[in-house]
Amino acid sequence: MLRSAWLLPLARGCLRRSLPQLGAEGRQRRCLFSGSPSSASHWSKVVSEAEKIVGYPTSFLSLRCLLSDELSNIAMQVRKLVGTRHPLLNTARGFVLDSRNNLQMRGLVVLLISKAAGPGITADSSLQNDMISGIHSSQRSLAEITELIHTAFLVHRGIVNIGELTSSDGPLKDMQFGNKMAVLSGDFLLANACTSLAELQNTKVVEIMSSAIGELIQGIYYENSNLENGNGLTDDIGISTWKEQVFLSHSALLAKSCQAAMELAKHDARIQNMAFKYGKHMSMSHKLNVDIQPFLNESSNDSVAFSLNSAPVVLHQDLIGREAWIKQIEEAQVKGNLIDYTKLQDAIKAGKGVTSAIDLCRYHGNRALEALECFPPSEARSALENIVYAVTRFS
C-alpha cells in the first residue's frame with residue numbers, strides 16, 4: 001500500500017498546479033472515450049455484445065463506491081452548483097445521462113482481456129475455482145479500480161483556474177465552491193481506488209497500477225502545458241512527442257490495467273506484454289478517432305469542436321512546416337486575437353493532416369489486433385477485435 005498511498009497527495013498537488021480552463025478546450029479533453037466513433041449505433045452494439053460476454057453491464061463497475069454514504073453527501077453538496085457554469089456539474093451530468101460516452105469502457109476491456117486469456121499455466125486450482133464467467137474475482141475488482149482511478153481524474157479535471165476567470169463565467173463564490181467539491185470528490189474516489197488496490201494483496205499489481213497513476217499525472221501536466229496561448233499559437237511538439245504525451249494521459253491506465261489483469265491470473269511476462277500492447281494501441285487508436293471526428297462530421301454546428309493540439313492539427317503542422325502553420329493561424333484570426341475555427345478547419349481539411357491521422361489510427365488498430373493473436377480464439381477475443389474495428393471505422 002505504501003507505493004499507492006503517496007500518490008493521492010501527489011495527484012492532488014500536480015492537478016492543482018496545472019488547472020484546465022473553462023470552454024471548448026476543457027470539454028474536448030474530458031476523457032478517453034469522450035466522443036463516439038463514427039457510427040454511434042454500431043459502437044453501442046459492439047459495447048452491448050461485449051457486456052453480455054463478461055456477465056453484466058459494466059455501468060455497475062463502480063456502483064458500490066458511487067452509492068456510498070460519503071459520496072452521497074458529496075452529491076448533495078454538488079446540487080448547489082445547479083445553475084452555475086462550473087464544469088464539475090457537466091462532468092457529473094455526463095456520468096448519469098450521456099450513454100454515448102461509454103464511460104466504463106476501460107473496465108470492460110479489462111474484463112474481456114481477462115476472459116480471453118483465462119488462467120495462466122502456473123495458476124493453482126484455487127484461482128481457477130474462483131472464476132465466474134471465466135473471470136477471477138480479483139480481475140473484476142481490478143476493473144472497478146481502473147474505473148475509479150479514471151473517474152477521479154475526470155472529476156479533478158473539473159477544477160478551474162480562479163485567477164483567470166472573467167465576470168461572464170459566473171459568481172466567484174460558486175466557482176470556489178465547485179473547486180472544493182471537485183477536489184473532495186476526486187480525492188475520495190482515488191483514495192477508494194488505492195484502498196481496493198491494496199486489498200488485492202499483490203505487490204506487483206500495486207506497482208503496475210501506481211506507475212499508471214503517476215503517468216496519468218505526468219500526461220495531464222504535459223497536456224495542460226501545451227494549451228494554446230492567447231494569440232492562438234500552440235507548442236511545436238511534433239507527432240512523436242504528441243504520441244508520447246497521449247500515451248501518458250490516455251493510454252497508460254488501460255495498458256497497465258490489462259497487464260495487471262494478466263499478473264493476477266499468473267500469466268508470464270510475454271502474455272502480460274501482449275495485453276499491455278493491446279490496451280496501449282487500442283486506446284491510442286480511439287484517441288485518434290476522437291481527434292479526427294470534427295474534421296469528418298459536416299453536420300457539426302460547433303466550430304470550436306477540435307483542439308489545436310489534436311492529431312490532425314499536429315500532423316498538418318508537421319507536413320506544412322511551422323512557419324506556414326503560424327501564417328494560417330494569423331489568417332484565421334479575427335478581432336481580439338480570436339480564431340475563426342471554421343476557416344482554420346477548412347485549411348486543415350485541405351491538407352493531408354486528416355488522412356495521415358486516419359492512417360495512424362489504423363496503424364495502431366493493426367498493432368492492437370496483432371497483440372491479440374497470442375490468445376486462443378473465443379467470444380471475448382472477438383469482442384476485443386470488434387472494439388478495434390469500431391474505433392478504426394470512418395464510414
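**Reading cores and helices in a predicted model**

Visitor: Is C361 buried or exposed?

Guide: This is a predicted model. C361 has 0% relative accessibility and therefore counts as buried. C258 also counts as buried, at 0% relative accessibility.

Visitor: How many disulfides does a search of the whole structure find?

Guide: The search finds zero disulfides.

Visitor: Which helix holds C361, and what covers its buried residues?

Guide: C361 is in α18, where the buried residues also include G353, H364, A368 and A371. The cover over the buried residues of α18 includes α13 (238-264), α14 (269-296), α15 (311-320), α17 (341-350) and α19.

Visitor: What should the helix α18 span, at 1.5 Å a residue?

Guide: Its 19 residues, 353-371, should span 27 Å, and the end C-alpha atoms are 27 Å apart, so the two agree. For α19, the 13 residues 379-391 should span 18 Å; the end C-alpha atoms are 19 Å apart, which agrees.

Visitor: Which residues of α19 are buried?

Guide: They are A380, R381, A383, L384, E385, I387, V388, A390 and V391.

Visitor: Where do nonpolar side chains tend to be in soluble globular proteins?

Guide: They tend to be buried together. Here the largest nonpolar core has 62 residues, and V109, L112, I149, Y278 and I387 have the most contacts inside it.

Visitor: What does Y278 touch, leaving out residues up to four places away in sequence?

Guide: Y278 touches V109, I113, A368, A371, L372, L384, I387 and V388. Among these, A368 and A371 are buried residues of α18, while L384, I387 and V388 are buried residues of α19. A second, separate core has 32 residues, including F295, L344, I358 and F394.

Notes
Residues numbered from 1 in each chain as written. Predicted model: local features only at pLDDT ≥ 70, side-chain atom pairs only at ≥ 80, totals over all residues. Heavy atoms only, no water. Core = buried A, V, L, I, M, F, W, Y, C linked by side-chain atoms within 4.5 Å. Buried < 20%, exposed > 50% of the residue type's maximum accessible area, 1.4 Å probe, protein only. Contact = heavy atoms within 4.5 Å. Disulfide = S-S within 2.5 Å. Helix = DSSP H or I, 4+ residues; strand = E, 2+ residues; numbered from the N terminus. Expected span 1.5 Å × (residues − 1).
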